[in-house]
Amino acid sequence: MIALSMFLVCLAMLVMGFPVAFTFGGVALFFGLYAEGLQLFLMIAERMHSIMTNITLMAVPLFIFMGLILEKSGIAEKMLESMGSLFGRIRGGLAVSTVVVGMLLAASTGVVGASVVTMGLIALPVMLKYSYDKRLATGVICASGTLGQIIPPSIILIIMGDVLQKPVGDFYRAALVPGLLLVLIYIIYCLLLAWSRKEAAPPVPARSESLPAQYWHAFKTIVPALTLVMVVLGTVIAGVATPTESAAMGAVGAIVLATLNRRFKISMLHQVAMETTKITAMVFTILAGATFFSMVFTYTGGDEAVEQIMQHLPGGKWGFVFLMMLIIFLLGFFIDFVEIAYIFIPMISPLLIKFGIDPLWFGILVALNLQASFLTPPFGFSLFYLRGVAPASISTVDIYRGAVPFILLQLLALTLVILFPGLIKLI
């Protein structure tokens, strides 16, 4: 009952708006003192030391740094403009180009906030200029900006590899096909909507520049960033380098690209370093609070209670998978993916072996599910990011309504991976 009370108190405090990391840490402190006293906290220093010396987690700030360099140097902006000029002449072409650039940004940055803000500032005014439906425009920007959750080098895949004790390279390899499947579903939806509702996504008038010249410009813009992505991900997937080593190469490569584009400045480097520090501090503060919480939760018998409840679920393995996906989806309405990955997943990970579930497959399902958390009202972070840069003519309701079809498309992709587990083994 102590463990159950801890969980309920945390949810209540989060709904009231308390900061996540300090909520879990504070609740763990109170219940830990009640259950055992100060002796329980002699282990916390060892837990914190193991986090700080975790080599895999060192990749997180390096990938964040790489993504912010590419975003601040204008490389992401150039990619979006080039793809828009290529696809804009067909119905729904601007939406398709936004999805494609979202995929490229996801593979090169992995930072959801940077992708959504960049496309919101560049693509949204263009789509509104050419009379795109507001809901389609906002929905496709939010959805394509969150592709960084599932397409490597995703931060959540690094976290899942650490939590589920599986190589991050295996998660990167397993996530490629589901990620590309989601991109394909988005593109098909945009084209079908443009075909059925011609006024929702009209074509853009052709530019004066010749088509070969546009292709050459797009090639020069996209290939350098794509080469960096292939080197970074290829070394991890091939097992040549660890995620931390490849992330370090990516960070240096991003600086080289920014220098070649004549966009590198010391002031930009300082700004990127500060933002990287802030984001990394947020992630690791949450991890510290979650570690504290899980320690007290386990000590008070919470893990045994969860195991007993789950083993008596109807439907066995599939009943367990369905319930976990439902719980994670609902939790995504209120708390961020980092908290879910660090707090909820360790509670249920011991049950994967008992039910004979492949941790790699389950981790990809969780990553796909957590991607929807960025779009689900009322606390979807992508919705907030876009609201911050959208013009006054776009209401919050427009953004919420625009996200709903893409949430359903994400659930469709999740269902396909559940029904066809072999999708994670095609690469």
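The model is a predicted one, where local features need pLDDT of at least 70, side-chain atom pairs count only at pLDDT 80 or more, and totals for chains, interfaces and linings use all residues. Residues are numbered from 1 along each chain as its sequence is written, and side-chain values use heavy atoms, with hydrogens and water left out.

Threonine 376 sits in the loop between α17 (359-372) and α18 (381-389); helices are DSSP runs of H or I, at least four residues, numbered from the N terminus. With 1% relative accessibility, threonine 376 counts as buried (buried is under 20% relative accessible area, exposed over 50%, partly exposed in between, with a 1.4 Å probe and protein chains only). Helix α15 (residues 316-331) has 16 residues and spans 22 Å from first to last C-alpha, close to the 22 Å expected at 1.5 Å a residue (the expected span being 1.5 Å times one less than the number of residues).

Now for the charged pairs. Three salt bridges turn up in the whole structure, each being a side-chain nitrogen of Lys or Arg within 4 Å of a carboxyl oxygen of Asp or Glu. Aspartate 133 and arginine 197 pair up at 3.4 Å, N to O. Aspartate 133 lies in the loop between α7 (112-129) and α8 (134-145), and arginine 197 in the loop between α10 and α11 (211-237), so this pair ties together parts 64 residues apart in sequence. Aspartate 133 is buried at 17% relative accessibility, while arginine 197 is partly exposed at 30%. Arginine 197 also meets glutamate 199 at 3.8 Å, N to O, and glutamate 199 is exposed at 56%. The bridge between arginine 173 and aspartate 170, at 3.1 Å, stays inside helix α10, with the two three residues apart, about one turn of the helix.

As for disulfides (cysteine sulfur atoms within 2.5 Å), the search of the whole structure comes up with zero. Cysteine 142 is in no disulfide, and the nearest cysteine sulfur, that of cysteine 190, is 13 Å away. Cysteine 142 is buried at 0% relative accessibility, and cysteine 190 is likewise buried at 0%.
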